[in-house]
Amino acid sequence: MTKIWRETGFVENDPWVIETDEVKATEEQKPLLGLDELIAKADESNDVGLGVLIKPADDVRRLEPYLDRLEIVAVAFPAFNDGRAFSHASLLRQRLGYTNELRAVGDVLIDQVPLMLRVGIDSFSVTNATALKRLSENRLPAIPHHYQPAVRDAEAGKGYSWRRQAKPAA
């Protein structure tokens, strides 16, 4: 069972669907289009409120001309050891200035959720039973120290190890 989670809790009646040969969006649902399909649709229409699914090998920079027409970008995590979606999310938020919903789909594990939040992902399509249980209990793993800057600052602020200043001599 797949559930959509945001920091405010689980979302009921999410309209977005990843279409496959077996699953098609109904009239109440909206499809998450592949990158090439989205570009073709955007080029032939003036539609807004579109959704796109970015796969690991896709070049997110191709979305730049269409970002103002997108309601959601879903980045795919096909396996726990494939982190290219972290880079996609970071590029979308920091370099391309995308501000609408950014969703993680695929192999979303509880240990990665805090890191996904740091790169700007703000909703999660979760199927993993452990992750669903921990999220329902609002139990995210704590990561006390961050060594790299990200879209979201560390809890303690913007202090990073390489920015330490020498203490003045007494």
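Hello everyone, and a word on the ground rules before we start. This is a predicted model, so local features need pLDDT of at least 70 and side-chain atom pairs count only at pLDDT 80 or more, while totals for chains, interfaces and linings use all residues. Residues are numbered from 1 along each chain as its sequence is written, and side-chain values use heavy atoms, with hydrogens and water left out.

Let's begin with the fold. The protein has four helices and eight strands; these are DSSP runs numbered from the N terminus, with helices being H or I of at least four residues and strands being E of at least two. Along the sequence the pattern reads β-β-β-β-α-β-β-α-β-α-β-α. Of the 170 residues in the protein, 38% are buried. Buried here means under 20% relative accessible area, exposed means over 50%, and partly exposed is in between, with a 1.4 Å probe and protein chains only. As for contacts, meaning heavy atoms within 4.5 Å, take those between residues at least 6 apart in sequence: 51% of them join residues at least 24 apart.

Now for the rings. How many aromatic pairs does the structure hold? There are two. The rule is that rings of Phe, Tyr and Trp (its six-membered ring) pair if their centres lie within 6.5 Å; planes under 30 degrees apart count as stacked, over 60 as edge-to-face, and the rest as tilted. Trp5 and Phe124 have ring centres 5.6 Å apart and planes at 45°, so this pair is tilted. The pair links distant parts of the chain, with Trp5 in strand β1 (residues 3-6) and Phe124 in strand β8 (residues 123-126), 119 residues apart. Both Trp5 and Phe124 are buried. Next come Phe77 and Phe86: their ring centres are 5.1 Å apart and their planes are at 80°, so the pair is edge-to-face. Phe77 and Phe86 are both buried as well.

There is also a charge over a ring. Lys3 lies over the face of Phe10, at 5.2 Å from the ring centre. To qualify, NZ of Lys or CZ of Arg must be within 6 Å of the ring centre and within 35 degrees of the ring normal.

On to the largest pocket, which has a volume of about 440 Å³. The search uses a 1 Å grid over the protein atoms alone, and a pocket is an open set of points where a 1.4 Å probe fits, with protein on both sides within 12 Å along at least five of seven lines; lining residues have an atom within 4 Å of a point. Grid points are joined across faces, edges and corners, and the volume is the space filled by probe spheres set on the points.

Which residues lie nearest the centre of the largest pocket? They are Thr2, Lys3, Ile4, Trp16 and Ser125, out of 22 lining residues. Strands β1, β2 (9-11), β3 (16-18), β6 (70-77) and β7 (101-106) each supply at least two residues of that lining. By type, the lining divides into 13 nonpolar, five polar and four charged residues. Here Ala, Val, Leu, Ile, Met, Phe, Trp, Tyr, Cys and Pro count as nonpolar, Asp, Glu, Lys and Arg as charged, and the others, Gly among them, as polar.

Let's stay with Ser125 for a moment. Ser125 lies in strand β8 and is buried, with a relative accessible area of 13%.

Another buried residue is Leu38, at 0% relative accessibility, and Leu38 lies in helix α1 (residues 35-44). Leaving aside neighbours within four places in sequence, Leu38 is in contact with Leu33, Leu50, Gly51, Val52, Leu63 and Leu70.

Finally, two asparagines for anyone who likes backbone angles. Phi of Asn13 is near 55°, a positive value in a residue other than glycine. Asn13 is found in the loop between β2 and β3 and is exposed, with a relative accessible area of 73%. Phi of Asn138 is near 55° too. Asn138 lies in the segment after α4 (129-136) and counts as exposed at 59% relative accessibility.
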